[in-house]
Amino acid sequence: MMSNLLILPLLLPAICALVLVFIRTHSRLSRIFSIGTMSITTIISLLLLIYVMQHKPIALDFGGWKAPYGIQFVGDSLSLLMVTTSSFVVTLIMAYGFGSREKRAIRYYLPSFILFLTVGVIGSFLTADLFNIYVMFEVMLLASFVLITLGQSVEQLRAAIIYVVLNILGSWLLLLGIGLLYKLTGTLNFALVAQRLTEMQGESSVVIISMVFLIAFGAKAALVLFMWLPKAYAVLNTELAALFAALMTKVGAYALIRFFTLLFDDYSGITHPLLVVLSCITMLIGAFGVLAYRDIKKIAAYQVILSIGFIILGLGSNTISGVNGAIFYLTNDIVVKTLLFFIIGSLVYITGYRQYKNLYGLAKREPFFGVAFVVMILAIGGVPPFSGFPGKVFIFKGAVENGNYIGLTLMILTSLIGMFSLFRIFFTMYLGNADKGEHIDFKPIPKYRKGLIGILVAAIIGMGLAAPLIFKVTDNATHLNMDDGLYEKMVNPHLVKEEK
């Protein structure tokens, strides 16, 4: 019974997306239906996560065909944590925009495409099949291609070209890696692939295949291959920028964690030091980006790149602490980056400017944003008791255990640089002398949008205070993927017996 419920987080947004096509002219009904659907999806995902923590992972075999012959979805602590967090932020994103005045959103079916993208994201988290992760990535990317090109501005089309080309190349590499891995192992099921790779220790071809996956997922996570991200995020409106920042790179990071703890862990002497090197380069790219720009949207975009470096540093340490911290920080970053782009987008909306150097006087008009801005900066910087602190502590611990002192030093320095870049915006916008800047007629922002920002602020504080509870989930996910044979025994025990 519980296994059948695993399809609902994927099925509900898909049905809602199709229904919205037919009721798109009824904006109020569309809004209620989409928000309600995603709220129910979030609740179901959370209940499934609680069940998994109390019992064991849930496996859904479509058509009754047992793995490895049929398509299989698996709800474990890692995948359901990602699904729950993603569904939560998509609910807020749907509530933030696309109201009765958003005529362009209705005309271009944007709410439907957002939900189709969500389907691809959730499917990527739940699938336990190599080929289906490619299918779900393509669903997600096709929806994102539409969303990024619908503005029809020259700047948007230029950004879309880079975004589309790099992601198509990444998809080709992903398909190549899947083909090579299938040829080597004769199966596409995660559990059985992991089991057979363990039996092939010493195979040099496995290292080559792992490099293909590293490049493919690294391109999607903006790990070093970041060129598509700043321009793409800068041209999107607030809702879409928050959606992309919260989910797109995080799916790539999730895939790297899953593949390099479950499948390629026996070759950690080669793959994981490379992950550390790439994470250090990514942190440096993010740090230079947040310092180099005065455009607040591009600063926010480089903050996304910076956080990917932190996550992959934890993964590259190849320790229980490091991976645990990476999963926690990945979960935290989905929420924090949604808040970051909500705030940045709101500031652009009420002032009409993306450059912050002349935006003085906001403290008197919008003091609420000052409080939310500071909480968000402290969470990004990893200051206790906010949500960024617990994950960074465990990444720190993992780096020490593995002797990654250069990566550790870079994480500390770039964290401070990231905080500095945002405090620079805060002090200019909120504490600067209004007499020195250009006179601005501030637009009022709807109260419900402030309320949504308030929910995210509360979530960030709550995640920091509830860190021990969340760490039970992330610790379970870490051991399930890193302990030899545990995933295979918990998910598909019949395959383990069969191999014996």
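I began with the contacts of this predicted model, and among those between residues at least 6 apart in sequence, I found that 81% join residues at least 24 apart.

I then looked up the overall dimensions, where the C-alpha atoms fill a box of roughly 75 × 55 × 40 Å along the principal axes. For 500 residues a compact globule would have a radius of gyration near 23 Å, and because the protein has 22 Å, I noted that the value agrees with that expectation.

Next I turned to burial and surface, and noted that buried residues account for 60% of the 500 residues. The protein exposes about 18,700 Å², of which carbon and sulfur atoms supply 67%.

Helix α14 runs over residues 296–316, and its 21 residues reach 31 Å from the first C-alpha to the last, which I recorded as close to the 30 Å expected at 1.5 Å a residue.

Finally I went through the two ends of α14. At its start, a side-chain oxygen of aspartate 295 comes to within 2.9 Å of the backbone nitrogen of lysine 297, while just after the helix, asparagine 318 adopts a positive phi of about 55 degrees.

Definitions and conventions:
Residues numbered from 1 in each chain as written. Predicted model: local features only at pLDDT ≥ 70, side-chain atom pairs only at ≥ 80, totals over all residues. Heavy atoms only, no water. Helix = DSSP H or I, 4+ residues; strand = E, 2+ residues; numbered from the N terminus. Expected span 1.5 Å × (residues − 1). Polar contact = N/O pair within 3.5 Å; in protein donor to acceptor, adjacent residues only side chain to side chain. Rg over C-alpha atoms; globule rule 2.2 N^0.38 Å. Buried < 20%, exposed > 50% of the residue type's maximum accessible area, 1.4 Å probe, protein only. Contact = heavy atoms within 4.5 Å. Areas by Shrake-Rupley, 256 points an atom, 1.4 Å probe, with all protein chains shown as cover.
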